[in-house]
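Reader: I am new to this structure. Please take a close look at one part, then show me how a whole chain is laid out.

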Amino acid sequence: MTVNIKQLRFGYSPSPEDSIINIESWKLNENEQVFLHGPSGCGKSTLLNLISGLVPYTSGDLSVLNQDLSRMTSSQRDRFRANNIGCVFQGLNLIPYLSAIENIQPASRFANQNPTIEDIHALLDSLQLDAKSWRKPSSDLSMGQKQRVAIARALINRPKLIIADEPTSSLDQSNRNGFMQLLMDKVAEEHCALILVSHDLELKSYFSRVESFQDINIAGDKS
Amino acid sequence: MMFTLARKSLANRKGSVLLTIMAMAVSLIVLLSVDHIRQQTKTSFASTVSGVDLIVGSRTSGLNLLLYSVFRIGNPTANISWTTYSELSSHPKVAWTIPISLGDSHKGYRVMGTTTDFFKHFKYGKKRPIKFDRGDEFSEVFDVVLGAKVAKRLNYSLNDPIVLAHGIAATSFSMHDQHPFKVVGILEPTGTPVDQTLLVSLEGIEAIHKNWQTDFTSQTKLDAEVDLTPKSITAFMMGLTSRMSTFRVQRSINQYQNEPLRAILPGVALSELWQIMGSVENILLLISYLVLLASLLGLSAMLLASIRERHQEIQLLRVIGAPAWYIFLIVELEAILIAIISTAISLCVLWLGLFSLQDTLLSEFGLQVSGNIFTLKALTVFGILLATTIVAAAIPSAMAYRTAKVIIK
């Protein structure tokens with residue numbers, strides 16, 4: 001089981017009435033790709049933060065890759081996230097003054113994995129990123145090139161789970177389709193699970209499992 | 001990797017970072033130069049005279065006597081009669097004396113009338129004797145020996161004629177042009193005011209102040225029939241047969257009945273000088289440290305402002321697995337890199353500045369300032385700078401840490 005949630009409750013204030021997340025039960029199997037859709041502000045990103053261990057939850061059970069995150073210290077969660085979860089965000093979030101390679105390297109260092117430069121080259125090559133752009137500052141890359149670097153960074157540690165938070169929100173239709181095709185191909189190739197959250201319903205065509213976030217989050221219903 | 005992130009992050013904000021580096025470098029230059037020149041002045045002053053037990057002059061403050069007799073700064077209040085000098089120098093406890101007669105100059109450099117005992121007994125630094133680069137001591141009335149700096153600056157060589165001026169102004173209208181002197185010796189550099197002094201015999205000084213335009217020529221020997229015994233001198237240095245008798249001899253000179261005199265121990269007078277200078281030094285150092293503090297606050301403000309611009313970068317690092325303390329350390333490392341670059345720049349500028357100003361400091365102020373700025377004191381300053389930089393950067397670093405912890409909301 002990649003993700004297993006039971007009676008998960010979370011809110012930034014201690015009052016149960018102010019819960020943002022209230023999920024009775026939700027599961028994600030190995031190698032499964034799920035699309036969670038819902039309007040902005042409904043708590044999708046918060047759920048991803050809870051799954052990745054960035055935010056500790058207040059009550060219920062949440063296990064990721066059969067590990068109970070509540071039993072981990074903050075630094076153990078950081079290490080667990082670096083080793084097992086690849087992340088792609090809104091706007092792709094590359095550090096603009098670092099090159100493509102330098103954007104990828106920190107992800108592997110935090111996971112205490114030391115891929116050789118050849119491994120990084122091979123990954124960028126497999127994502128069809130032109131070798132001339134590997135050492136350019138990412139601010140000088142085109143949107144298509146940035147997408148490839150963002151995917152490479154998420155995959156460098158061979159994670160078992162990839163979470164993608166509105167990754168296409170700042171892309172035009174052509175770039176969005178290219179990005180999604182590339183992401184889905186790589187996820188299938190690497191045999192990893194994927195949770196992609198977005199308000200863009202057009203993305204559901206890439207997934208066999210599509211869920212409305214408001215259907216699984218009772219707190220969302222209340223609001 | 002942390003170094004690469006910090007370095008590239010700084011390079012990405014080069015405008016504000018460069019200004020911060022410049023502010024810190026300037027404050028370090030001020031601090032280090034004040035401290036270096038202060039230390040070097042002390043060393044330079046302390047090594048100007050060595051092995052002299054007492055300096056005797058007319059009654060004035062000990063400091064004034066020391067300044068005009070040794071450092072050629074200021075003017076004497078009165079002269080000592082030759083009779084008194086002769087009497088005191090024949091005191092059984094006195095081993096040697098060096099008479100000093102001041103009042104004339106040559107192109108802004110002081111002329112000192114003395115005897116050949118100066119070359120025999122005067123020591124500087126750690127009892128280093130005076131040595132000749134070229135030529136020899138004066139032996140005739142109108143012979144002159146040049147300090148190293150005078151010869152170099154005025155481009156004089158042996159046998160060149162020199163006309164002395166009455167008074168000590170750089171431009172004088174009262175020249176002793178009836179009696180030109182001949183350069184017979186040039187001294188090796190000493191790093192003391194001797195380098196900027198022209199040394200002539202007491203008889204030479206006496207001769208140019210007599211109205212002998214008609215019957216006295218520059219070729220007159222010291223032992224000529226004409227009596228050139230001076231009537232007075234400015235001061236004299238004294239070496240005793242035993243150090244034990246220093247205070248007794250000093251007391252007897254200070255209580256001398258025939259003429260109001262003052263005898264000082266050079267070391268004690270120097271201590272008085274440092275005491276007077278102490279408060280000025282402390283104020284200068286305080287100002288320097290305040291300037292450094294201002295630049296550190298500037299560094300802190302610059303980093304703090306950058307944290308607000310770097311929310312996305314911090315969030316990204318956190319999501320890919322960076323612990324919050326890692327973000328704290330990146331900001332600290334950035335501050336340390338700025339401090340190191342500022343230090344390197346300040347050292348280069350200071351070294352170049354001292355190197356190019358060495359001659360000016362020596363000629364204008366008589367200060368031998370070493371270009372060696374890599375002293376233990378400088379290392380201490382850098383240690384303090386590094387420690388205070390870490391403290392100053394703690395506020396923006398803590399802010400970055402807090403941002404890393406709560407940014408996910």
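Author: A:Q67 lies in strand β5 of chain A, which covers residues 67-68. The model is a predicted one. A:Q67 has 15 C-beta neighbours inside 10 Å, so this residue counts as partly exposed. A buried residue would need 20 or more, and an exposed one 12 or fewer. Now take A:E190. A:Q67 and A:E190 are 123 residues apart along the chain. Their C-alpha atoms are separated by 21 Å.

Next, the partner chain. Chain A and chain B touch. On one side are 18 residues of chain B, and on the other 22 residues of chain A. Two helices of chain B, α1 (2-12) and α10 (311-319), each supply at least two residues of the side that touches chain A. α10(B) gives the most, with six residues. By class, this side of chain B has nine nonpolar, five polar and four charged residues.

Now chain B as a whole. Chain B holds twelve helices and 15 strands. Its C-alpha trace spans about 105 × 45 × 30 Å along the principal axes. The radius of gyration of chain B is 30 Å, whereas a compact globule of 409 residues would have one near 22 Å. Of the 409 residues in chain B, 42% are buried. Contacts also reach along the sequence. Take those in chain B between residues at least 6 apart: 79% of them join residues at least 24 apart.

The domain assignment divides chain B in two. Domain 1 is made of 2-45 and 277-406, and domain 2 of 54-264. The centres of domain 1 and domain 2 of chain B, taken over C-alpha atoms, are 49 Å apart.

Helix α3 of chain B runs over residues 62-70, and helix α9 of chain B over residues 266-309. From α3(B), the contact is made by B:G62, B:L63, B:L66 and B:V70. From α9(B) come B:P266, B:A269, B:L270, B:E272 and B:L273. Seven residues of this contact are nonpolar, one is polar and one is charged.

Technical notes
Residues are numbered from 1 along each chain as its sequence is written. Chains are lettered from A and ligands numbered from 1 in the order in which they are written. This is a predicted model: local features need pLDDT of at least 70, side-chain atom pairs count only at pLDDT 80 or more; totals for chains, interfaces and linings use all residues. Axes are lines fitted to C-alpha atoms, for helices over the stretch in contact, and angles run from 0 to 180 degrees between N-to-C directions. Helices (H or I, at least four residues) and strands (E, at least two) are DSSP runs, numbered from the N terminus. Two residues are in contact if their C-beta atoms, placed from the backbone, lie within 7 Å. Ala, Val, Leu, Ile, Met, Phe, Trp, Tyr, Cys and Pro count as nonpolar, Asp, Glu, Lys and Arg as charged, and the others, Gly among them, as polar. Domain bounds come from an automatic or database domain assignment. The radius of gyration is taken over C-alpha atoms; the globule rule is 2.2 Å times the number of residues to the power 0.38.
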